[in-house]
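Here is a short briefing on one structure. Keep the sequence and the 3D view at hand while reading.

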Amino acid sequence: MAEIKDPENTILMDTTTGKVVIELFPDLAPGHVARIKELTREGAYDGVVFHRVIDGFMAQTGDVRYGKSDSPSFAPSRAGMGGSDKPDLKAEFSNMNHGRGTCSMARAQNPNSANSQFFICFEDASFLNRQYTVWGQVIEGMENVDKIKRGEPVKDPDKIVSMKVAADAAA
């Protein structure tokens with residue numbers, strides 16, 4: 001198990017492909033980290049599918065409206081078009097590189113449109129630097145991210161089984 005330095009700023013994500021541990025960057029993107037933790041603590045990400053997964057690029061998830069597989073509003077054809085009922089976030093762009101394992105917010109064309117969706121980079125995607133908000137880094141389980149089924153949209157997609165803030169997880 002990866003060393004968890006700050007349980008309040010670490011996410012434990014259990015997926016259909018295995019466990020993933022993400023270190024959060026509250027100093028880099030305080031608003032986005034707060035939103036990720038808020039939605040995580042509400043259970044909003046539990047059951048959400050990886051709806052857009054591009055080999056050599058990234059795995060995208062987090063559509064808590066249309067991508068939540070056990071919800072009445074689940075719509076595989078619309079997954080990726082929704083967000084949460086919370087307001088969109090103001091961009092918190094930084095010089096942090098979008099490298100392998102980087103967790104960053106997805107958004108529409110408007111830089112201030114990130115809401116609940118996020119992606120994890122498979123490889124270096126530095127062309128995204130200073131255009132998307134980096135909020136975390138996979139510190140364990142990247143091999144499980146690599147196993148996520150590819151597609152746009154993904155047929156029979158993998159999903160987040162549960163997502164917890166490490167501080168809230170039972171010891």
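Which residue in β8 does L12 stand opposite? That residue is K164. The model is predicted. The points below go from strands and helices to the cores and the ring contacts.

**Strand pairing around β1**

- β1 (10-15) and β2 (18-24) run antiparallel and are joined by six bridges.
- Two residues separate β1 from β2, and the two strands form a hairpin.
- β1 also pairs with β8 in the antiparallel sense, here over five bridges.

**Helix α1**

- Helix α1 covers residues 30-42, and its 13 residues should span 18 Å at 1.5 Å a residue. The end C-alpha atoms are 18 Å apart, which agrees.
- Its buried residues are H32, V33, R35, I36, K37, L39 and T40.
- An α-helix has 3.6 residues a turn, so residues three or four places apart point the same way.
- These buried residues pack against six strands, namely β1, β2, β5 (102-105), β6, β7 and β8 (160-165).

**Nonpolar cores**

- The largest nonpolar core has 32 residues. Within it, M13, I22, F118 and W135 have the most contacts.
- Elements giving two or more residues to this core are β1, β2, α1, β5, β6, β7, α2 (142-146) and β8.
- Another core, of seven residues, lies apart from the largest one. Among its members are M58, A106, C121 and A125.
- M13 has contacts well beyond its sequence neighbours within four places. They include G18, K19, V20 and I22, as well as F50, F118 and I120. I160, S162 and M163 are also in contact with M13.
- In soluble globular proteins, nonpolar side chains tend to be buried together.

**Aromatic pairs**

- The structure holds four aromatic pairs.
- One of them joins F57 and F127, which are tilted at 35° between the planes and 5.6 Å centre to centre.
- F57 lies in the loop between β3 (52-54) and β4 (58-61), while F127 lies in the loop between β6 (118-121) and β7 (134-140), so this pair ties together parts that are 70 residues apart in sequence.
- F127 counts as exposed because its relative accessibility is 54%, and exposed means over 50%.
- F118 and W135 form an edge-to-face pair, with 85° between the planes and 5.2 Å centre to centre.
- F118 is in strand β6 and W135 in strand β7, so their pair links parts 17 residues apart in sequence.
- Both F118 and W135 are buried. With Y45, these two residues form one aromatic cluster.

**Charges over rings**

- R107 places its charged end over the ring of Y132, 4.3 Å from the ring centre.
- R150 does likewise with F122, its charged end sitting over the ring at 4.0 Å from the centre.

- E143 and V20 are 123 residues apart in sequence. In space, their C-alpha atoms are 8.7 Å apart.

Notes:
Residues numbered from 1 in each chain as written. Predicted model: local features only at pLDDT ≥ 70, side-chain atom pairs only at ≥ 80, totals over all residues. Heavy atoms only, no water. Phe/Tyr/Trp six-rings, centres within 6.5 Å; stacked < 30°, edge-to-face > 60°. Helix = DSSP H or I, 4+ residues; strand = E, 2+ residues; numbered from the N terminus. Buried < 20%, exposed > 50% of the residue type's maximum accessible area, 1.4 Å probe, protein only. Lys NZ or Arg CZ within 6 Å of the ring centre and 35° of its normal. Expected span 1.5 Å × (residues − 1). Contact = heavy atoms within 4.5 Å. Pairing = 2+ DSSP bridges. Core = buried A, V, L, I, M, F, W, Y, C linked by side-chain atoms within 4.5 Å.
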